[in-house]
Amino acid sequence: MKTIVKDKIWLSSPHMGLMEQKYVKEAFDSNWVAPLGPNVNLFEKAIADYMDEKVYVAALSSGTAAIHLALSLLGVTRGDEVLCQSFTFSASANPILYLGATPIFVDSERHTWNISPLLLQRAIKQRISLGRKPKAIVAVHLYGMPYKIEEIRKIADHFEIPIVEDSAEALGSTYYGSKCGSFGDIGILSFNGNKIITTSGGGALVTKNSILKEKAVFLATQARDNAPHYQHSQVGYNYRMSNVLAGIGRGQMEVLEDRVNARRSNFNYYKENLAGLSNIEFLEEQENFKSNRWLTCILTPNFETREQIRLALQEEEIESRPLWKPMHLQPIFSKYPNYQDGTSEDLFERGLCLPSGSNLSLEDLDRVISIINKILVR
Ligand SMILES: *Cc1c(COP(=O)(O)O)cnc(C)c1O
């Protein structure tokens with residue numbers, strides 16, 4: 001008998017459209033093989049045009065670089081405190097340490113899995129009472145679900161603390177019809193290989209302030225003063241995006257809406273076919289919140305079930321992953337203050353991200369679903 005070798009199903013893999021290679025070829029044909037050029041400008045314009053509000057975009061080498069520059073532009077420096085959503089990927093918090101500042105972690109609420117307004121307010125009040133008013137808030141639209149934008153904005157404005165909106169996972173998500181990435185004092189995007197669209201590696205800083213964009217580009221290109229020789233009065237970085245990779249980004253922007261629709265369809269398909277199992281929960285959208293459903297996540301009854309499913313999928317060459325391990329539980333970050341009520345710890349224990357790429361077939365999804373069904377019906 002022949003053994004059937006099944007193809008690996010990835011959690012979230014790149015999905016190219018039809019135009020990316022053409023734009024990359026343009027970079028080669030014109031010899032703009034450098035961290036500047038027409039593709040960089042046109043990619044920035046495509047992102048800016050996509051946002052509903054008038055914004056300025058700086059294309060950078062990564063989302064992490066964008067967060068680093070954003071915090072720096074907001075004046076975060078050695079000894080400062082920065083509030084950061086605990087339930088996130090480490091790249092939201094690492095740049096706080098790059099700047100010699102202290103992260104203060106804040107837990108999530110259950111409606112969006114993102115930063116809790118209640119705990120944020122409590123944290124700010126306590127830090128202020130200790131004489132350490134935080135310099136910035138890093139809020140994250142995790143898995144593409146917008147955080148409680150209005151509530152967080154109200155608190156931030158009340159205490160006059162700027163927001164870095166980590167929209168790395170949420171390009172294509174909207175809140176009351178407006179695009180994520182444009183809500184922060186500074187927004188950031190990521191185009192890493194696993195994100196909803198990709199340049200293989202890349203990111204962007206989004207701001208409504210044209211001067212901030214210019215400063216971001218200045219810092220991202222080694223902070224060169226205006227002089228014929230190389231002169232520097234500030235620490236600079238090499239964070240600009242390559243014109244070759246920006247060509248991929250231009251092509252990807254043309255298919256962004258398709259990618260969002262495909263990922264949302266994945267979510268709906270999983271939900272329709274798993275919701276019959278009363279012991280599985282999905283993250284629902286609040287009214288006027290629209291998630292790009294970057295990753296479909298399920299909550300299982302307990303850690304053991306989550307692991308059972310994960311290992312059964314792995315056995316069948318299917319990649320799944322536990323939800324983000326909260327930052328306040330990470331060895332590198334556990335010594336910093338945190339304000340939590342157990343929400344993200346519970347999500348981490350019970351939650352699993354399912355294969356969610358926009359290039360998955362119904363057959364792929366059915367393979368995943370049948371394995372989960374077998375375990376949960378038992
Ligand atoms: C991916 C990601 C980042 C970092 O983006 P890179 O482009 O990989 O540096 C930051 N925050 C979150 C929440 C992410 O998922």
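Predicted model: local features only at pLDDT ≥ 70, side-chain atom pairs only at ≥ 80, totals over all residues.
Residues are numbered from 1 along each chain as its sequence is written, and side-chain values use heavy atoms, with hydrogens and water left out.

## The ligand site

The ligand is surrounded by 16 residues, and the closest of them are Gly-63, Thr-64, Glu-169, Ser-190 and Lys-195; a residue is taken as near a molecule or strand if one of its heavy atoms lies within 4 Å of it. By type, this shell divides into 5 nonpolar, 8 polar and 3 charged residues, where Ala, Val, Leu, Ile, Met, Phe, Trp, Tyr, Cys and Pro count as nonpolar, Asp, Glu, Lys and Arg as charged, and the others, Gly among them, as polar. Helix 3, which covers residues 63–73, gives the most to the shell, with 3 residues; helices (H or I, at least four residues) and strands (E, at least two) are DSSP runs numbered from the N terminus.

| Residue (side chain) | Ligand atom | Distance |
|---|---|---|
| Thr-64 | oxygen | 2.5 Å |
| Asp-166 | nitrogen | 2.7 Å |
| Ser-190 | oxygen | 2.7 Å |

On its own the ligand has 380 Å² of accessible area, and the protein covers 94% of this area; accessible areas come from the Shrake-Rupley method with a 1.4 Å probe, and for residues only the protein chains shown count as cover.

## Positive phi angles

Asn-31 is not a glycine, yet it has a positive phi of about 60°, and its place is in the loop between helix 1 (20–29) and helix 2 (38–50). With a relative accessibility of 63%, Asn-31 counts as exposed, on a scale where buried means under 20% relative accessible area, exposed over 50%, and partly exposed in between (1.4 Å probe, protein chains only). Ala-223, also not a glycine, has a positive phi of about 50° and belongs to the loop between helix 7 (210–220) and helix 8 (243–254); at 0% relative accessibility, Ala-223 counts as buried.

## Aromatic contacts

The whole structure holds 14 aromatic pairs; rings of Phe, Tyr and Trp (its six-membered ring) pair if their centres lie within 6.5 Å, and planes under 30 degrees apart count as stacked, over 60 as edge-to-face and the rest as tilted. One of these pairs is formed by Tyr-143 and Trp-294, which are stacked at 6.4 Å centre to centre with 20° between the planes. Tyr-143 lies in the loop between strand 4 (136–140) and helix 6 (149–159), and Trp-294 in the loop between strand 11 (289–290) and strand 12 (296–299), so the pair ties together parts that are 151 residues apart in sequence. Tyr-143 is buried, at 3% relative accessibility, and Trp-294 is buried with a relative accessible area of 2%.

The pair of Tyr-237 and Tyr-239 is stacked because the ring centres are 5.1 Å apart and the planes stand at 10°. Tyr-237 counts as buried at 17% relative accessibility, and for Tyr-239 the value is 17%, which also counts as buried.

One aromatic cluster consists of Phe-87, Phe-89, Trp-113, Tyr-143, Trp-294 and Trp-324. Within it, Phe-89 is found in the loop between strand 2 (81–85) and helix 4 (94–98) and counts as partly exposed at 39% relative accessibility.

Charged side chains also meet rings: Arg-293 lies over the face of Phe-267, at 3.4 Å from the ring centre, and the charged end of Arg-306 sits over the ring of Phe-348, 5.5 Å from its centre. A charge sits over a ring if NZ of Lys or CZ of Arg is within 6 Å of the ring centre and within 35 degrees of the ring normal.

## Two further residues

Thr-207 has its place in strand 9 (residues 203–207) and counts as buried at 2% relative accessibility, while its side chain reaches the backbone nitrogen of Asn-209 at 2.9 Å. Lys-22 is found in helix 1 and, at 44% relative accessibility, counts as partly exposed.

How values were computed. Polar contact = N/O pair within 3.5 Å; in protein donor to acceptor, adjacent residues only side chain to side chain.
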